[in-house]
Amino acid sequence: MKVSEIMKVLEAELIYGEEFLDRDVISACGSDMMSDVLAYVKEQAVLLTGLVNPQVVRTAEMMDMKCIVFVRGKKPDESMIELAKENGIPLLRTKREMFTSCGILYENGLRGGGHPYNG
Amino acid sequence: MSEVIKQHYIVDGTDFTRAGEASGKIKKTLKDIGFPPQAVRNTAIAVYEAEINLVIHAGGGEIDVEITPEYVKVVLTDHGPGIENVELAMQEGYSTAPDRIRALGFGAGMGLPNIKKYSDEMDIQTELGVGTVMTLKINA
């Protein structure tokens, strides 16, 4: 699934990263707990979160994640956008809440990956 | 890459928003010199969790890095309160982090277990009231 498709199905707004819309994403992780995100490496993953602080972008950076979606209309601040630019990570923002956002992506074929119970 | 690269970082214990800067720089160094991608990621995650710990628990500290073609060794030194029960701290879900840290997305009790998981070797020397020295080794 491409970043542009994630944007479309979540009716998300692009905050940063037009040049990365063609990037392929093959797994997903939804959490506000960054330590839980760091526990399982997922390949080419998108991170969905309602947490807004620079550590969200840092976590995605360390995990080589391909995209971040802020749910419930959460808005990253300038320092987070700067950090995303430095690391080439596109940022999206959807008004949908976490559960619904994850459900929509699952319905569109994305899976958890990484974690042993995710199949 | 044949030479040994050494780096030293000081981690500010007062600014949570900057935690992870050193880890980011270490990751970039490893990537630039062509360290194997999986080892780069494992190192980044382990050091990032450890750096977060320095800020959350120890009021900051120092990070020394040694990179050779075979491995990367990272030593994190702090003068914080020390870890009372290392065995307990190594259990998933055990955390002494305050609620304000949890609100920031950490303190789920996954830090030390994650560090162990992503490192090939992990050693903790700690003394109450004196501080903690954590040594990590990740093979190329």
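User: Before we dig in, what counts as a salt bridge here?
Analyst: A side-chain nitrogen of Lys or Arg within 4 Å of a carboxyl oxygen of Asp or Glu. Keep in mind that this is a predicted model.

User: OK, so what do the side chains of A:Arg96 and A:Glu11 do?
Analyst: They meet in a salt bridge, at 2.5 Å from N to O. The two partners are 85 residues apart and link distant parts of the chain. A:Arg96 is in the loop between strand E5 (91-93) and helix H5 (98-107) of chain A, while A:Glu11 sits in the loop between helix H1 (3-9) and strand E1 (13-16) of chain A.

User: How many salt bridges over all chains?
Analyst: Twelve in the structure. The count between chain A and chain B is four.

User: Which elements on chain A's side give two or more residues?
Analyst: Helix H2 (34-39) and helix H3 (54-62) of chain A. H3(A) has the largest share of that side, six residues. By type, the side of chain A that touches chain B has ten nonpolar, five polar and seven charged residues.

User: What area is buried between the chains?
Analyst: About 2000 Å² between chain A and chain B, with carbon and sulfur atoms giving 52%. In contact there are 22 residues of chain A and 27 of chain B.

User: Switching topic: what's the volume of the largest pocket?
Analyst: About 630 Å³. Its lining has 33 residues, and nearest the centre are B:Asn53, B:His57, B:Ile83, B:Thr96 and B:Leu112.

User: Which elements give two or more residues to that lining?
Analyst: On chain B, helix H2 (37-57), strand E3 (71-78), helix H5 (111-118) and strand E5 (131-139). H2(B) gives the most, seven residues.

User: How does the lining divide into nonpolar, polar and charged?
Analyst: The largest pocket is lined by 18 nonpolar, twelve polar and three charged residues.

Technical notes. Residues numbered from 1 in each chain as written. Chains lettered and ligands numbered in written order. Predicted model: local features only at pLDDT ≥ 70, side-chain atom pairs only at ≥ 80, totals over all residues. Heavy atoms only, no water. Contact = heavy atoms within 4.5 Å. Buried area = accessible area lost by both parts, 1.4 Å probe. Helix = DSSP H or I, 4+ residues; strand = E, 2+ residues; numbered from the N terminus. Nonpolar A, V, L, I, M, F, W, Y, C, P; charged D, E, K, R; others polar. 1 Å grid on protein atoms, 1.4 Å probe; cavity = no way out; pocket = protein on both sides within 12 Å on 5 of 7 lines; lining within 4 Å. Points joined across faces, edges and corners; volume = space filled by probe spheres on them.
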